[in-house]
Amino acid sequence: MLKHKILACLLTLSAIAAMPAAFSQTAPDYVAIVAAPDRSEADRKLDTNRAPAQWLAFIGAKPGMKVLDIFAVYGWKAELLARAVAPGGKVYAQNSEAVFARVKDRLDARLKTPATANIVSVMRPVEDPAPPGMHDFDMVTFFYAYHDITYSGVDRTKMNKAFYEALKPGGELVVGDYSAKPGAGTSVVQSLHRSDEALVTSEIEAAGFKLIDHGDFLHVPGDARDAPSHSSAQPVDIYMLKFRKPG
């Protein structure tokens, strides 16, 4: 009887010890995060045609996660992610030196707000984006800028390998960008600010990643993909891809 009681106590303690980890895997209310009253009007305008609640759900951001957000710019993405991974999680908002110089004032102002207390601003090249010694991220996110790095002289092979090495085994890379016509390759990355989904997929898979999901919630069938994405008055087709590092 005593042995049974001891075993029962041990099982109870084990269950209690495991509870925080279990809770950390519970998805937050993404709709409530997007609707939070302390979000800025500027950010709400950026929500247009980006489906932020579905975007967060596709990413799968959960409390406790450590996320590296590539090309964070002014922090719209990073703040949404930071709200989703709280409590216990942290978002590292990466910008290159050149981009940071352009966005510093607006990003610094954002980082003074309570909702961004778990964001760390990181100024590093995209080919080596993680802070020194950090290689156990749960997630790397890279949105709306793969086309930019394609024409800016970035070594994409090195960059994608750096994403791979920054993640823990089983960690995920989520990428989204404005869609070019199939087979466009790199021909319109600068003129139309769009990237070829198939090319991006092949480059990322070459780094060792496995494609595990494809989001179509920002797919726009009526987009002919022949106009610049940044100047179009109509919704622009956006592809969403999720990759996993084996392990």
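These questions and answers go through a predicted model of one protein chain.

Student: How many helices and strands are there in the protein chain?
Tutor: The chain has 247 residues, and 49% of them count as buried. Among contacts between residues at least 6 apart in sequence, 75% join residues at least 24 apart. The element count is 9 helices and 7 strands.

Student: Is Lys66 buried or exposed?
Tutor: Lys66 sits in strand E1, residues 66–70. The cut-off for buried is under 20% relative accessible area. Lys66 has a value of 19%, so the residue is buried.

Student: Which side chain makes a polar contact with the side chain of Lys66?
Tutor: Leave aside the neighbours within four places in sequence. Lys66 is then in contact with Lys90, Tyr92, Met134, Asp136, Phe137, Asp138 and Met139. The polar contact of the Lys66 side chain spans 2.5 Å, and the partner is the side chain of Asp136.

Student: Is Lys210 buried or exposed?
Tutor: Lys210 is found in strand E6. Exposed requires over 50% relative accessible area. Lys210 has 56%, and therefore counts as exposed.

Student: What distance separates the C-alpha atoms of Lys210 and Lys242?
Tutor: Beyond four places in sequence, Lys210 is in contact with Lys242, Phe243 and Arg244. Lys210 and Lys242 are 32 residues apart along the chain. Their C-alpha atoms are separated by 8.5 Å.

Student: Phe209 and Phe243 form an aromatic pair; is it stacked, tilted or edge-to-face?
Tutor: A search of the whole structure finds 10 aromatic pairs. In the pair of Phe209 and Phe243, the centres are 6.4 Å apart and the planes make 65°. Planes over 60 degrees apart meet the edge-to-face criterion. The pair is edge-to-face.

Student: Where in the chain are Phe209 and Phe243?
Tutor: Both residues are buried. They are 34 residues apart, and the pair links distant parts of the chain. Phe209 is in the loop between H9 and strand E6, and Phe243 is in strand E7.

Student: Which residues do ring pairs link into a cluster?
Tutor: The whole structure holds 10 aromatic pairs. Ring pairs link a cluster made of Trp55, Trp76, Phe143, Tyr144 and Tyr178.

Student: What volume of space lies in the largest pocket?
Tutor: By class, its lining has 14 nonpolar, 7 polar and 6 charged residues. The space in the largest pocket is about 660 Å³.

Student: Which residues that line the largest pocket are closest to its centre?
Tutor: Helices H3, H5 and H6 each give two or more residues to the lining of the largest pocket. There are 27 lining residues. Closest to the centre are Leu46, Arg50, Tyr144, Tyr178 and His230.

Student: Which elements give two or more residues to the lining of the second largest pocket?
Tutor: This pocket holds about 240 Å³ of space. Of its 16 lining residues, the closest to the centre are Ser40, Ala42, Asp43, Glu79 and Arg110. The lining divides into 7 nonpolar, 2 polar and 7 charged residues. The elements are H3, H5 and H6.

Student: Which residue caps the N-terminal end of H8?
Tutor: Helix H8 covers residues 156–166, and its buried residues include Arg156, Met159 and Phe163. The buried residues of H8 pack against E1, E4, H7, E5 and H9. At the N-terminal end, a side-chain oxygen lies 3.2 Å from the backbone nitrogen of Thr157, and the capping residue is Asp155.

Methods
Residues are numbered from 1 along each chain as its sequence is written. This is a predicted model: local features need pLDDT of at least 70, side-chain atom pairs count only at pLDDT 80 or more; totals for chains, interfaces and linings use all residues. Side-chain values use heavy atoms; hydrogens and water are left out. Helices (H or I, at least four residues) and strands (E, at least two) are DSSP runs, numbered from the N terminus. Buried means under 20% relative accessible area, exposed over 50%, partly exposed in between (1.4 Å probe, protein chains only). A polar contact is a pair of N or O atoms within 3.5 Å; within protein, one must be able to donate a hydrogen and the other to accept it, and residues adjacent in sequence count only if both atoms are side-chain atoms. Contact means heavy atoms within 4.5 Å. On a 1 Å grid over the protein atoms alone, a cavity is a set of points where a 1.4 Å probe fits but cannot get out, and a pocket is an open set with protein on both sides within 12 Å along at least five of seven lines; lining residues have an atom within 4 Å of a point. Grid points are joined across faces, edges and corners, and a volume is the space filled by probe spheres set on the points. Ala, Val, Leu, Ile, Met, Phe, Trp, Tyr, Cys and Pro count as nonpolar, Asp, Glu, Lys and Arg as charged, and the others, Gly among them, as polar. Rings of Phe, Tyr and Trp (its six-membered ring) pair if their centres lie within 6.5 Å; planes under 30 degrees apart count as stacked, over 60 as edge-to-face and the rest as tilted.
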